[in-house]
Amino acid sequence: MTSTAMDAGTRNHRLKSIIGGSTGNLVEWFDWYVYSAFTLYFAPHFFPSEDRTAQLLSAAAVFAVGFIMRPIGAWVMGIYADSKGRKAGLTLSVTLMCAGSLIIAVTPGYETIGLFAPAALVLARLMQGLSVGGEYGASATYLSEMAGKDRRGFFSSFQYVTLISGQLLAICVLLILQTVLPEADLDAWGWRIPFAIGAVLAVVVFYIRRGLAETESYQNAKKEGAPKSGFWQLVKHHPRETMTVMLLTAGGTLAFYAYSIYMQKFLVNTSGFNRPVASQINAATLFVFMLLQPVAGALSDRIGRKPLMVAFGIAGVCFTYPIFSTLETTRDPWVAGALVMAALIIVTGYTSINAVVKAELFPAHIRALGVALPYALANTIFGGTAEFVALKFKDAGFERGFYWYVTGMIAISLVIYLRMRDTRKNSLIMED
């Protein structure tokens, strides 16, 4: 076989694996974000109250509870993916996600089964949190290892492309249901449809992932008899890298959840837009945001990862407060959309390359755990609580305190971006 034919075969193999891994990642995140997209509809069924903010607070608290399991999932399934393979970790995570979505889809409301309703919701989110905790590390590692050296930023950016696609798909399902169903039906039972869809799609992904190829990095680590992955090995031998991942994630994940996940509620609960308009703004801006990820990822392959993260940090510190405070008073959906888009452009400097930056910090034998666990801890503390903290500030009559909180956390991460080495030039992913 000629060298050209071998190169073409390698590219096709990588592309097939990346598409397969990305498709599964999309469905995982669709299942995860359906909860957030439909909170305004199902919250009254699980948390009866006359106050909308109180209902949203209860639902946001359960959303945050799901994040408690993410570090546990990252720990257990990160070790599993390092020991049994990236493919095995990806297959296990989607199984748990399917079960969680199915529980939410079929659980009766509070008026029918009382406290068992919110209890079932909590159980489902704990299972999904366990799944997503393992999913991030396995998928980020898989995509980073499968990508070639010169295009690692570009291909690994599809980790967030599919993450955003899952969120966008959840919003599109919401928009479709808002169009085809009377609002009373959507409030009464229509919100169950996307959870059922997610459960079915997860079954399909299970079979797709069983057919994925394993990465060369994992296979080489096994052949060389590398040390076993484990928590103590991580903190003992890679403490600096572990802390770096936590701190570079803190501001980035909080900004992402504030600018995207919480934004839909903010546009309704603070700006005063109706639910369909808020959903349309969210969907349109997220679509453009999704398209920006591979562009920024490819840019990082040329100029390095560090400049993009520093740009996010500086812009996030300077513009988070002005964007949110202006959104408070705007009633023009075009102006609101432009402001939300500006925020998402800013956070692209983090989202497009965060997966590959983390993967490039660790050797193969402990890479999935190293990517997953410190990320999950930071994501639980800052990302998972973003909506709850924002609503608490609003409930206390000091909503702008949340804007300063996001700004401060981005500033902390900016210090890390400025001090760390550029992982593109110092990558521990050895394979070409």
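Q: Leaving aside neighbours within four places in sequence, which residues is Glu 387 in contact with?

A: Contact means heavy atoms within 4.5 Å. By that test Glu 387 meets Ser 36, Ala 60, Ile 261, Tyr 262 and Lys 265, leaving aside its neighbours within four places in sequence. A word on the model: it is predicted, local features need pLDDT of at least 70, side-chain atom pairs count only at pLDDT 80 or more, and totals for chains, interfaces and linings use all residues. Residues are numbered from 1 along each chain as its sequence is written, and side-chain values use heavy atoms, with hydrogens and water left out.

Q: Where is Glu 387 placed, and is Glu 387 buried or exposed?

A: Helices (H or I, at least four residues) and strands (E, at least two) are DSSP runs, numbered from the N terminus. Glu 387 belongs to helix 19, residues 386-395. Buried means under 20% relative accessible area, exposed over 50%, and partly exposed in between, with a 1.4 Å probe and protein chains only. Glu 387 has a relative accessible area of 6%, so Glu 387 is buried.

Q: Which side chain does a polar contact join to Glu 387?

A: A polar contact is a pair of N or O atoms within 3.5 Å; within protein, one must be able to donate a hydrogen and the other to accept it, and residues adjacent in sequence count only if both atoms are side-chain atoms. Here the side chains of Glu 387 and Lys 265 are joined at 3.2 Å.

Q: What does the side chain of Thr 162 reach?

A: The side chain of Thr 162 comes to 2.8 Å from the backbone oxygen of Phe 158. Thr 162 sits in helix 8. Its relative accessible area is 5%, so Thr 162 is buried. Not counting residues up to four places away in sequence, Thr 162 touches Ser 22, Asn 25, Leu 26 and Trp 29.

Q: How do I read a pair of aromatic rings, and how many aromatic pairs does the structure hold?

A: Use the distance of the centres and the angle of the planes. Rings of Phe, Tyr and Trp (its six-membered ring) pair if their centres lie within 6.5 Å; planes under 30 degrees apart count as stacked, over 60 as edge-to-face and the rest as tilted. This structure holds 23 aromatic pairs. Take Tyr 160 and Phe 256: the ring centres are 5.3 Å apart and the planes stand at 80°, so the pair is edge-to-face. The pair links distant parts of the chain, with Tyr 160 in helix 8 (residues 158-180) and Phe 256 in helix 13 (residues 239-269), 96 residues apart. Tyr 160 is buried at 1% relative accessible area. Phe 256 is buried at 0%.

Q: What are the distance and angle for the rings of Phe 266 and Tyr 403?

A: The centres are 6.3 Å apart and the planes at 70°, so the pair is edge-to-face. Phe 266 lies in helix 13 and Tyr 403 in helix 20 (residues 400-419), so the pair ties together parts 137 residues apart in sequence. Phe 266 and Tyr 403 are buried. Ring pairs also build a cluster, with Tyr 259, Tyr 262, Phe 266, Tyr 321 and Phe 324 among its members.

Q: Over which ring does the charged end of Arg 125 sit?

A: A charge sits over a ring if NZ of Lys or CZ of Arg is within 6 Å of the ring centre and within 35 degrees of the ring normal. The charged end of Arg 125 sits over the ring of Tyr 35, 4.3 Å from its centre. The charged end of Arg 275 sits over the ring of Tyr 41, 4.4 Å from its centre.

Q: How many residues has the largest nonpolar core?

A: In soluble globular proteins, nonpolar side chains tend to be buried together. A nonpolar core is a set of buried Ala, Val, Leu, Ile, Met, Phe, Trp, Tyr and Cys residues joined through side-chain atoms within 4.5 Å. The largest one here has 115 residues; Tyr 33, Phe 38, Tyr 259 and Leu 327 have the most contacts inside it. Helix 13 gives the most to this core, with 15 residues. Leaving aside neighbours within four places in sequence, Leu 327 is in contact with residues including Met 263, Phe 266 and Leu 267.

Q: Which residues does Ile 18 touch, not counting residues up to four places away in sequence?

A: Ile 18 touches Leu 143, Met 146, Ala 147 and Phe 155 on that count. Ile 18 lies in helix 1, residues 3-37. The C-alpha atoms of Ile 18 and Ser 144 are separated by 9.3 Å, though 126 residues apart along the chain.
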